[in-house]
Amino acid sequence: SKEKKLFRCPQCIIAAVDKFKARPSAYLLIPLVAAFVGWLTNYLAVQMIFYPIEFRGIPLWHKEEIPLGLVGWQGIVPCKTKYMSQTMVNMVTTQLLNIEQVFRRLDPNVVADTLAPEVPKLLESVGSEFIPNLSKFQRLSRAMFFSLPGRTISSVAKTNRRFLHGIAVSMQDNICSLLNVNNCVIDQMMQDRTLLGKLFRKCGQKELDFLTNSGLWFGFMLGIIQLVVALFWENPWALSIGGTIVGLATNWLALKWIFEPVNPTKFGPFLLQGQFLRRQTEVAREFSAFFANNVLTSEKLWGSILNDPSTKPSFDLLFAGRLRKFACVLAGGVGVLPGAGLLNGVASRAIVKLPNHLHVLHPYVDKTLGLQGTLRTQMERMTSAKFERVLHPIFEEDELTLILAGGFLGFLAGLVQQGIETGYFWEWSSRRVKWIRKTLRLGGSGEKEEKSRQEI
């Protein structure tokens, strides 16, 4: 029995060599096809993360925030925008930004000086709704105003600045009740479901490219193993099974390579760490720039303050109270005391028109808050474990789905390889070509017969 075992191995090798010689091109194609399958499955996995934005398929059954329907698919990021945005904004507000400290950077005096010229325009705009034909009297009223004594004009200007200064200070003192950063970010992401995808691509494009391209050489290496198995294992399904393994393994290996190990780990002379985690400084720069310039801008922050149902009542109350006092002081200066109903009406219309007059403030707010620098510095200081959560959630949410999809595509490619290796593919192709040629010939002879009949 020992002698039989000794001779069995050489016999297997001889049989494998003969098998290879019989169809060398078919076997040499195995690693190449495996490389293509690895690349294709990883490429499709990346596309499935971000596309399609809306569900595509037959809507027989599809639950919200679940990418896979019974027949169809929606990109993971667009599908789970709300959950992912919530996770991200929690990280920003708990680890990167202190909203109260950031808004303390604004100087109320500069805010008042910047907005002061807009107050008369705002009051004129509101006044035109309450006083018919106000435009006819605007020139006269301005002329009368500038004919007033210098002290009176100076007093009005000071009152205007005190009004604006008071609003700025009150907003800084109550910013947590006036601005809900969670809603500000999530509302933007939900209105434009491509925005979160753009942020992830900006931060993780290198990892996404690696995920796609790694499938090529991971697939090639696994294809060599697949080739050896096909030569030594007499099983018609060997290539299909191998294709499934290639599809599963390339996605799984690439994802592991990107995010693991989380912390730098010594392995002999090498220091190993996930590819994404080694780029912490670069990612911090990209993330902070995108977030500060596209999401948490002055215009977007003010838009949230003025329109978010959870914060609008607080701002309306603060602004209306200050505006009523300001209007009473101005009216009292000329001996007029407006009624409460008129003041409330003016205040409500002023709040509606306020966004049209805030554009002068946005450059100062964006520059002074310095969100880009703050976000970048704090993100660079994050531990590797916390930083890993910046990008990993987009893969983690449906990681198993992506890997299984790779396995399914690999199985289909394995079937093609199986057809090539057994010769069935070439046989089937040859039959199809013959059938097409025969069809064309019959069609041609039919046309000739028809022409001859017409001539007769």
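Arg201 lies over the face of Phe50, 4.3 Å from the ring centre; a charge counts as over a ring if NZ of Lys or CZ of Arg is within 6 Å of the ring centre and within 35 degrees of the ring normal. The model is predicted, so local features need pLDDT of at least 70 and side-chain atom pairs count only at pLDDT 80 or more, while totals for chains, interfaces and linings use all residues. Residues are numbered from 1 along each chain as its sequence is written, and side-chain values use heavy atoms, with hydrogens and water left out.

**Aromatic pairs**

- A search of the whole structure finds eight aromatic pairs; rings of Phe, Tyr and Trp (its six-membered ring) pair if their centres lie within 6.5 Å, and planes under 30 degrees apart count as stacked, over 60 as edge-to-face and the rest as tilted.
- The ring centres of Trp302 and Phe315 are 6.0 Å apart and the planes stand at 85 degrees, so this pair is edge-to-face.
- This pair links distant parts of the chain, with Trp302 in helix α15 (residues 298-307) and Phe315 in helix α16 (residues 312-333), 13 residues apart; helices (H or I, at least four residues) and strands (E, at least two) are DSSP runs, numbered from the N terminus.
- Trp302 and Phe315 are both buried, where buried means under 20% relative accessible area, exposed over 50% and partly exposed in between (1.4 Å probe, protein chains only).
- The rings of Phe315 and Phe319 have centres 5.8 Å apart and planes at 20 degrees, so they are stacked.
- Phe315 and Phe319 both belong to helix α16, four residues apart, about one turn of the helix, and both are buried.
- One aromatic cluster is formed by Phe163, Trp302, Phe315 and Phe319.

**Helix α19**

- In helix α19 (residues 371-380), the buried residues are Leu371, Thr374, Leu375 and Met379.
- Viewed down the axis of α19, these buried residues fall within an arc of 120 degrees, so they line one face of the helix; the arc is that of the directions from the helix axis to the C-beta atoms.
- The buried residues of α19 pack against α4 (81-96), α5 (99-103), α14 (280-295), α18 (362-369) and α20 (384-387), with contact meaning heavy atoms within 4.5 Å.

**Open sheet**

- Three strands form an open sheet in the order β1-β3-β2, with antiparallel pairing; two strands pair if DSSP finds at least two bridges between them.
- β1 (56-58) and β2 (68-69) stand at the edges, each with a single partner strand, so one side of each is left without a neighbour in the sheet.
- β1 pairs with strand β3 (residues 71-73) in the antiparallel sense over three bridges, and Gly72 in β3 is the bridge partner of Gly57.
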